Amino acid sequence: MLGSESDKSTQKYKNMDYKYIEQLLERYWQCETSLEEEAILKAFFNQTNIPAHLLHYKKLFISERIWQDIRLNTSFDKKILELIEKEESVKAYKTTWKHRLMPLYKAVALIAIILTLGDAAQTSFHPNETVENDYNYENYRDSYNDPEMAYNQISEALQMVSQSLNEISQDTLLQKQFKDKQTEQ
């Protein structure tokens, strides 16, 4: 009879412990446990006799112990150090001006595309406006009422162009003669 009473008190004590463990678990899920209380939970779940309704929590609290037992061997460290210390040859890459200026070319092309699209959009939104340099022959109108006056104007313009070309050709002829004289000396 004494044995059965001690078993009952032990059972009662275990039931109280289980209630305390359940309370600790509730507090653990609410993140309200201290480090000492978490150590109590770990010690409890490291025992062999755990009630069935708390058994599914055992893996959570013993996983830290399992992971502490797993260690990397020394060959792993050697392999990692060999990979780190391994010298790789660096191949020199010769860059040309074309490759260096490629981003600039791309930027210029992008700007040209944007300006072209902007100009096309502007002319399509304002079709009735006259443009100074319009090459559409249907839009040409005579600017002179007197054809003789138009002829005189164009003759003067062509005379000026002819004079400019003559001056340039004389300058180049003088430069050529000067270079020839220098080479003879």
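Select Thr33 to begin: setting aside neighbours within four places in sequence, Thr33 is in contact with Leu24, Arg27, Tyr28 and Glu38 (contact means heavy atoms within 4.5 Å). What you have open is a predicted model, in which local features need pLDDT of at least 70 and side-chain atom pairs count only at pLDDT 80 or more, while totals for chains, interfaces and linings use all residues. Residues are numbered from 1 along each chain as its sequence is written, and side-chain values use heavy atoms, with hydrogens and water left out.

**Stay on Thr33.** You're in the loop between helix H1 (2-29) and helix H2 (35-45); helices are DSSP runs of H or I with at least four residues, strands are E runs of at least two, and both are numbered from the N terminus. Is Thr33 buried or exposed? Thr33 counts as buried because its relative accessibility is 14% (buried is under 20% relative accessible area, exposed over 50%, partly exposed in between, with a 1.4 Å probe and protein chains only). Now show side chains: the one on Thr33 makes a polar contact with that of Glu38, at 3.0 Å. A polar contact here is a pair of N or O atoms within 3.5 Å; within protein, one must be able to donate a hydrogen and the other to accept it, and residues adjacent in sequence count only if both atoms are side-chain atoms.

**Next, pick Cys31.** Cys31 sits in the loop between H1 and H2, but this one is exposed, with a relative accessible area of 70%. Check the backbone too: phi of Cys31 is near 60°, a positive value in a residue other than glycine. Most residues other than glycine have a negative phi.

**Step into H2 at Glu37.** Glu37 is in helix H2 and is buried, at 14% relative accessible area. Look for a polar atom of the Glu37 side chain: the backbone nitrogen of Ser34 lies 3.0 Å from it. Not counting residues up to four places away in sequence, Glu37 touches Leu24, Arg27 and Glu32.

**Follow that to Leu24.** Leaving out residues up to four places away in sequence, Leu24 touches Thr33, Glu37, Ile40 and Leu41.

**Now Ile21.** Ile21 is in helix H1 and is buried, with a relative accessible area of 4%. Which residues does Ile21 contact, leaving aside its neighbours within four places in sequence? Ile40, Leu41, Phe44 and Leu54 are the ones to click. Draw a C-alpha to C-alpha line from Ile21 to Ile40: they are 19 residues apart in sequence and 8.4 Å apart in space.

**Select the core.** The largest nonpolar core has 10 residues: Tyr18, Ile21, Leu24, Leu25, Leu41, Phe44, Phe45, Ile50, Leu54 and Phe61. H1 and H2 are the elements that give two or more residues to this core, and H1 gives the most, with 4 residues. A nonpolar core is a set of buried Ala, Val, Leu, Ile, Met, Phe, Trp, Tyr and Cys residues joined through side-chain atoms within 4.5 Å.

**Turn to H2 and H3.** Helix H3 covers residues 58-69, and the axes of H2 and H3 come within 9 Å and cross at roughly 100°. So H2 is roughly perpendicular to H3 (roughly perpendicular means 65 to 115 degrees). Select Leu41, Lys42 and Phe45 in H2, which meet Lys58, Phe61, Ile62 and Glu64 in H3. By class, this contact of H2 with H3 has 4 nonpolar, no polar and 3 charged residues.

**Zoom out.** The protein chain has 6 helices and 0 strands. Of its 185 residues, 8% count as buried. Among contacts in the chain with a separation of 6 or more, residues 24 or more positions apart account for 28%.

Technical notes:
Axes fitted to C-alpha atoms, helices over the stretch in contact; angles between N-to-C directions. Parallel < 35°, antiparallel > 145°, perpendicular 65-115°, else oblique. Nonpolar A, V, L, I, M, F, W, Y, C, P; charged D, E, K, R; others polar.
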